[in-house]
Amino acid sequence: MKPPKSILITGASSGIGRALAQAYAAPGVILFLSGRNLERLQETVADCLDRGADVHPKSLDVTDRAAMEAWIRESDSLSPLDLVIANAGISGGVAGKDKSGETEAQARQIFDINFNGVLNSIYPAIELYKLRQRGQIAIVSSLAGYRGLPGAPAYSASKAAVKAYGEALRGALKRDGIAVNVICPGFVVSRITDANRFPMPFLMKADRAAILIKKGLSVNRAVIAFPWPTRFVSWIFRILPGRLAVPLLSGLPAKE
């Protein structure tokens, strides 16, 4: 695919979002970056400016549907978007500070950001892309979405929903000239993994993850999943019958 020159990324204030902004930042590239924490977002902006990119930051919440639509349309009016990366997300599990397990409020918040936030990030872009009959959308899921994890019910379920939705959209939007890619990382150094208090096999630096994602997007790969050992284990758990998978998964450490 032709290298994108106008790119919008949500959740660009840290982790994979920041690393992707840095990976794409270059002279001639226009970046539209959002994040809830303006101070951290400005750190991303400064680094991307140093790399020669034209950067337009915005502090907003992906759950605000109206604000997201206004921002995406405004960004597109400044420079027609080539690539939208719906990256913003939060984590959570049953090992909270009070050890009371995952609450309803926590589950709803995770779904609101991880799934509804994706819808708010992609649908304004889809409408614009359809008019031009071209464009690319990347949706960040997780290898945690391959099988429901007892230690992180809402997180794994929200990422499973995002994965299935993105895979379905790829076929549904193909006739409109719109490419849809699903990104399923394993453990990547970020604010999300910083909260984990257990060993994380094959933990990857965010800049390395960004390289793999950028490469996969450049060839329009349907699902960009990595690292391969974690992907293989996730696939095994997905195909195992419940009587075998549930006891094994229940023994894994829970997310905070």
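Relative accessible area was used to class residues as buried (under 20%), exposed (over 50%) or partly exposed (in between), with a 1.4 Å probe and protein chains only. The model is predicted, so that local features need pLDDT of at least 70 and side-chain atom pairs count only at pLDDT 80 or more, whereas totals for chains, interfaces and linings use all residues. Residues are numbered from 1 along each chain as its sequence is written, and side-chain values use heavy atoms, with hydrogens and water left out.

Eight salt bridges are present in the structure, a salt bridge being a side-chain nitrogen of Lys or Arg within 4 Å of a carboxyl oxygen of Asp or Glu. One of these joins arginine 51 to aspartate 47, with 2.6 Å between the closest N and O atoms. Both partners are partly exposed: the relative accessible area is 41% for arginine 51 and 24% for aspartate 47.

A network of salt bridges links Glu69, Arg73 and Glu127. Within it, glutamate 69 pairs with arginine 73 at a closest N and O separation of 3.3 Å. These two residues lie four residues apart, about one turn, in helix α3 (residues 65-78), helices being DSSP runs of H or I with at least four residues, numbered from the N terminus. Glutamate 69 is partly exposed at 31% relative accessibility, as is arginine 73 at 35%.

Arginine 73 also forms a salt bridge with glutamate 127, the closest N and O atoms being 2.6 Å apart. This pair links distant parts of the chain, 54 residues apart, with glutamate 127 in helix α4 (residues 104-132) and arginine 73 in helix α3. Glutamate 127 is partly exposed, with a relative accessibility of 42%.
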